[in-house]
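Me: Can you walk me through this structure? I'd like to start with the charged pairs and then go to the helices.

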Amino acid sequence: MIADTVISLALKVAHAVLGFATIRALVEHWGLQHYGTWVTFTAVAAYMTMFDLGVGYGIRNKVAEYWERGDKQLAGKTIQLGLMLYAVAALVGLAVALVVTFTVAPYNSHPAAALVLWSSCALSFLLSLYTIVLQALGQFRIIAILSLVMPLGWYSFVRAWTVSHALSMETAACAYSAAMLLQAGLLTWASVRRHHIHIFKRFQVDLTQAYALIKTGLRFFVLQVTSLVLSNSGNILVYNHLGAADTAQYDAANKVFSMFTFGFSVLIGIAWTEISRAKSRADHKRLTHIFKVLHAAALLLTGAGIACALFSEPMTRFLTGVTVDTAQTMAFAVMVGIQMLAYSSAVFLNAFEQLRVQLIAAVIGIPIFFGTSLLLLRTGSSFSAVPMATAASALPALIMCLITVRRLLARERARYTAAHDATPRMAA
């Protein structure tokens, strides 16, 4: 698990470096205004991923468990069902996109570019199921390596563009889509080569399994939506109450300190599959070990975040060109620390598909976030009010998930002990 984490994290850093280099190249070609339009176009990919309604998380759990048991037949049926659900979701997403293309700016100004992007995003979304299967099989190195194909291909095209006339939105959309689909195709090929499951043979829909996946997926979807609300509200709140300059400082500090949760998410993703495997083997020792490793890593990264906050002025200036002082960035360090500790417990509940506690915590957390941030901003606080409010809203999840997971691990340990105590009596 450690080796996979280090390699995946290193490749994620390479991915981020390519992203920043591409931004600079596009700004050189287009300038800020045209680049801003392009960013609005490409943001569509993030929204398209929401159309799976969280079903992908359930598929990942089931495939990981079936694969660990050696039951390829059930794993294959789950993948088949997932493809069917993803195909329906892709078609729905594409239908919505067609309406948006001709009615909403800036898409209706460049309909050809929009349609190319929407179509490639829909197909890439469908094929993303195979990446979920690779995650379930623990193939994180393959995912990390092949995930560089798209940013590398897109950057190479942008940097190599030396034609005298300007790079058009339509040409950029075609190149971007080609890089996206090449990556999706390679990940699909790697997934099929790894699991060797024939999923296109005659298939009858198991309505019971489909219902169970959708039911679980909708719970994950609610958590996705609440996370999206919390992560995307900060800039708007700061802009409306403090203005553009403070928003730039907030965004710069948020991007710098989000690198801690960005790196930690790699470990969480790998741990998720390991937890699913240990769950299928009833390996309570492995579960306890993963629990300790995740919380130790979260505490170490929290300490590193606080240390970085002490030198935030030169650090943020070097990385983003924006200076943010220590008094304001310390709140970001506390925020990411609480979030990482909450993730360390929540991932167990995700793998065991026990989401009620997280849903309750989300219901409690959202009003805490908006209430705290609005109160602080309206009473003269700086933009550090937003990370402080985010930290406050994450505290219920941290406490509730930690208590629940400790009980879950105790129950798994008791079940293991009872099963082994019964074995000698049965033998006698």
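**Salt bridges and helix packing**

Me: How many salt bridges does a search of the whole structure find?

Reply: The search turns up 5 salt bridges. Keep in mind that this is a predicted model.

Me: Which residues are linked in a network of salt bridges?

Reply: Glu65, Arg69 and Lys279 form that network. Glu65 bridges to Arg69, with the closest N and O atoms 3.9 Å apart. Glu65 also bridges to Lys279, at 2.9 Å from N to O.

Me: Where do Glu65 and Lys279 lie?

Reply: Glu65 sits in helix α4 and Lys279 in helix α12 (residues 244–281), so this pair ties together parts that are 214 residues apart in sequence.

Me: And how are Glu65 and Arg69 separated in helix α4?

Reply: They are 4 residues apart in α4 (residues 55–69), so about one helical turn separates them.

Me: Is Glu65 buried or exposed?

Reply: Glu65 is buried, because its relative accessible area is 6% and the cut-off for buried is under 20%.

Me: What about its two partners, Arg69 and Lys279?

Reply: Arg69 counts as exposed, at 53% relative accessibility. Lys279 counts as partly exposed, at 24%.

Me: Are Glu274 and Arg277 buried or exposed?

Reply: Glu274 is buried, with a relative accessible area of 16%. Arg277 counts as buried too, at 18% relative accessibility. Both values fall under 20%, so both residues get that label.

Me: New topic. What's the overall make-up of the protein chain in helices and strands?

Reply: The chain has 17 helices and 0 strands. Of its 428 residues, 46% are buried.

Me: What share of contacts between residues at least 6 apart join residues at least 24 apart?

Reply: That share is 83% in the protein chain.

Me: OK, helix packing. At what angle do α8 and α9 cross?

Reply: Roughly 155°. Helix α8 covers residues 149–160 and helix α9 covers residues 169–195. Their axes come within 8 Å.

Me: Why are α8 and α9 called roughly antiparallel?

Reply: Angles over 145 degrees count as roughly antiparallel. The crossing is at roughly 155°, so α8 and α9 are roughly antiparallel to each other.

Me: Is the crossing of α8 past α9 left-handed or right-handed?

Reply: It is a right-handed crossing.

Me: Which residues meet there between α8 and α9?

Reply: On the α8 side they are Val149, Met150, Pro151, Gly153, Trp154 and Phe157. The α9 residues they meet include Thr171, Tyr176, Met180, Gln183 and Leu186. By class, the contact of α8 with α9 has 12 nonpolar, 3 polar and no charged residues.

Me: How do α6 and α9 cross?

Reply: Helix α6 (residues 111–136) and α9 cross at roughly 15°, with axes that come within 8 Å. Angles under 35 degrees count as roughly parallel, so α6 and α9 are roughly parallel to each other. Their crossing is left-handed. The residues of this contact divide into 20 nonpolar, 8 polar and 2 charged.

Me: Next, a histidine. Where is His295?

Reply: His295 lies in helix α13 (residues 284–310). His295 counts as buried, at 13% relative accessibility.

Me: What does His295 touch, leaving out residues up to four places away in sequence?

Reply: Leu341, Ser344, Ser345 and Leu402.

Me: Last one. What is phi of Ala282?

Reply: Phi of Ala282 is near 55°. That is a positive value in a residue other than glycine.

Me: Where does Ala282 lie?

Reply: Ala282 is in the loop between α12 and α13. Ala282 counts as partly exposed, at 39% relative accessibility.

Note on methods: Residues are numbered from 1 along each chain as its sequence is written. This is a predicted model: local features need pLDDT of at least 70, side-chain atom pairs count only at pLDDT 80 or more; totals for chains, interfaces and linings use all residues. Side-chain values use heavy atoms; hydrogens and water are left out. Axes are lines fitted to C-alpha atoms, for helices over the stretch in contact, and angles run from 0 to 180 degrees between N-to-C directions. Helices (H or I, at least four residues) and strands (E, at least two) are DSSP runs, numbered from the N terminus. Angles under 35 degrees count as roughly parallel, over 145 as roughly antiparallel, 65 to 115 as roughly perpendicular and the rest as oblique. A crossing is left-handed if the near helix is turned anticlockwise from the far one by less than a right angle, and right-handed if clockwise. Contact means heavy atoms within 4.5 Å. Ala, Val, Leu, Ile, Met, Phe, Trp, Tyr, Cys and Pro count as nonpolar, Asp, Glu, Lys and Arg as charged, and the others, Gly among them, as polar. A salt bridge is a side-chain nitrogen of Lys or Arg within 4 Å of a carboxyl oxygen of Asp or Glu. Buried means under 20% relative accessible area, exposed over 50%, partly exposed in between (1.4 Å probe, protein chains only).
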